[in-house]
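Dear colleague,

Please find below the structure that I am handing over to you.

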Amino acid sequence: EISREVVHWWKRSSPCGTSHCSFGFLFTCKGERLDKMKQRRYGNSRVINATALLSERTNFDLESTVRQRLQTAPQFIKRLELETELRGHNGCVNCLEWSDNGKLLASASDDFHVMIWDAFSYKRVADVITPHQGNIFSVKFMPKSGNSTVVTGAADGKIYVFDLNRSDSPTWSCRCHSRRVKRLATAPETPYVFWSAAEDGDILEFDLREPHKCMSNECKVSLICMKNFISSSNLVSNVVASSAQAKCIAVNPRRPELIAVGANDCYARMYDRRMMKLNTLWTANEERINSPSGRDTIPKNSVTYFCPGHLRKQYDKRYKAITYLTFSPDGKELLVNMGAEQIYLYDINNAKEPVFLDLPPLNDREIVNSEAIRKKLPEDVEADQKLGTDFLENEKYIEAIYQYTKAIQKAPKCAFLYLNRAIALVRRNWCGDIYAGLRDCHTALWLDPTYLKAHFRLARALLALNYVTEAAQCLGELKCRFPEYAQSYGVQMLEQDIDRVVKHPNSTQDTPEIYDLSENEIFWRTSAKDYKDRFMGHCNTTTDIKEANFFGNDSNHIIAGSDDGNFFISERSTNSISEVFSGDTNIVNCVQPHPSICLLATSGIDHSIKLWSPQPEENFESKHRVEYTEKAMKRNQMRMYEDPFDFNDINPPFCAPS
């Protein structure tokens with residue numbers, strides 16, 4: 001049964017855009033289109049377009065269509081609450097995985113057990129005692145196996161495959177990794193094949209149909225050896241660089257040739273494995289040691305790097321680590337959860353390199369019209385703008401940014417809305433806020449090249465990001481374009497600040513890179529693509545397995561675990577936190593949405609798995625919702641500033657064996 005308010009929401013958001021549209025739309029509109037297809041003429045004959053018919057046939061799955069559109073309906077999100085806890089583990093639950101059909105849930109823990117649960121009857125259907133001797137960090141169902149084959153990877157560097165229809169003894173094993181195995185990955189339509197990422201810097205590919213003998217010259221399983229591109233042999237300022245470590249891995253569900261890898265830095269790497277070949281582990285290491293030219297074994301055009309623009313030049317980038325990444329259900333976007341930073345969303349097809357100084361051309365006519373009165377905003381936009389200004393004046397920056405974002409969605413070509421949001425971002429000064437403000441200044445200038453304040457704020461943001469040369473160029477262009485303001489107090493103060501930095505540069509600004517990078521690695525880093533959007537509010541400094549995921553097949557929500565024991569649900573449309581729930585007494589690491597319905601599984605330091613679902617409207621009581629979300633967000637951001645965590649620590653404070 002679907003509640004009345006959800007049906008109303010369906011009508012308002014229906015594709016045909018009419019108020020009378022209901023579920024009948026799925027039949028009437030599809031039927032009308034089908035009739036038109038059948039009547040389509042080709043020349044003088046009346047024929048059926050078979051290709052169009054086949055593509056339309058998939059849309060007649062009414063149940064699937066309804067579920068996908070209602071999976072994260074606002075009414076469901078508002079009534080989300082803890083449904084039950086699955087108990088049985090005797091250690092931190094480090095990983096969760098839904099089966100393809102969503103009927104089973106797999107969990108793995110520090111107690112070396114893998115448990116399979118029926119999430120709807122709350123029963124444990126299998127308990128596998130693995131031979132692992134380290135914390136299990138990843139568990140996966142093998143595709144097309146009837147949910148009977150699972151793969152595990154653990155801190156002991158070993159990988160095991162289990163047939164749930166047999167005994168607890170593994171049917172396949174591997175000890176090729178020399179350090180902790182952090183993540184495994186599978187492709188939905190690729191049975192028998194899976195990938196592993198470990199802290200030894202190796203990305204391995206396995207095919208269960210082929211014989212496997214660990215570390216042999218005949219066994220070609222090495223897809224990527226990150227040590228080929230990043231060496232840690234250099235010592236700079238008595239700082240020892242850690243070796244390249246792979247922290248997470250994901251396979252594009254629509255394009256399985258694309259594999260994304262996160263490491264112990266700020267770069268998300270996407271590889272096209274069609275252009276790569278498998279090597280033996282012995283060959284990969286020998287090429288790195290004996291032949292400097294052999295380090296670049298992967299073609300340049302087969303790899304794309306993604307990195308937030310403000311982190312490319314930052315000296316402390318070596319302390320960043322990507323704890324989790326995943327592709328969107330449609331395979332067009334990549335979501336990256338970065339330790340001691342925010343969550344970033346990348347458009348893998350249309351991402352561009354970051355731009356720090358790109359001023360639009362200014363002609364004489366525009367200069368003459370620079371003082372022209374701007375058009376009056378619509379009433380609702382004006383209301384959002386005034387409310388945002390009130391929040392800004394009262395130093396309520398979170399609320400101000402939210403109001404300006406709402407106004408921008410309604411009036412996307414209004415330059416001063418972007419500038420006001422940029423001011424709020426710079427004053428809030430969370431991780432990445434100054435760079436986000438710089439992007440807004442660019443947008444404002446391209447909408448209105450005569451916008452003096454946007455020009456000035458852009459120069460300030462460049463200086464704050466240590467782009468001193470660009471800041472000086474921007475200020476010089478400002479004085480050239482607006483000579484009447486060249487002697488103003490603000491311009492003179494900015495000029496003095498730039499001169500001061502030029503004469504006394506920051507000691508860490510030009511510190512040499514402590515890593516020895518290959519030629520290809522330098523190319524990939526310098527051409528890294530910038531983010532499309534970002535999400536914040538959570539805290540990610542304590543564990544390096546913290547997840548962030550798309551919630552819903554429409555990818556309209558982002559969900560993330562946090563070090564404060566909460567998990568956060570963000571709306572992509574408004575880029576704001578919609579709900580916060582208390583999910584663990586210490587840390588929420590795992591957030592895994594069900595593949596087709598509004599059901600969420602979470603876990604962390606507690607020894608239980610929590611299931612969350614919309615509860616009935618009658619007598620609904622939210623016991624785990626966190627009311628003061630702004631306070632929680634501020635506290636988390638301050639914690640990431642004041643208590644950074646070294647993700648290279650081999651003995652993390654949490655997730656130790658029970």
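A residue is called buried when its relative accessible area is under 20%, exposed when over 50%, and partly exposed in between (1.4 Å probe, protein chains only). Please note that this is a predicted model, in which local features need pLDDT of at least 70 and side-chain atom pairs count only at pLDDT 80 or more, while totals for chains, interfaces and linings use all residues. Residues are numbered from 1 along each chain as its sequence is written, and side-chain values use heavy atoms, with hydrogens and water left out.

A salt bridge here is a side-chain nitrogen of Lys or Arg within 4 Å of a carboxyl oxygen of Asp or Glu. The count by this rule is 38 salt bridges.

R572 and E333 form one of them, at 2.9 Å from N to O. This pair joins distant parts of the chain, 239 residues apart: R572 lies in the loop between β31 and β32, and E333 in strand β25. Both R572 and E333 are buried. Strands (E, at least two residues) and helices (H or I, at least four) are DSSP runs, numbered from the N terminus.

R183 and E547 also form a salt bridge, their closest N and O atoms being 3.2 Å apart. R183 has a relative accessible area of 7% and is buried; E547 is buried as well, at 1%.

Within helix α13, R481 and E477 are 4 residues apart, about one helical turn, and their side chains meet in a salt bridge of 2.9 Å. R481 is buried at 12%, whereas E477 is partly exposed at 30%.

Yours sincerely
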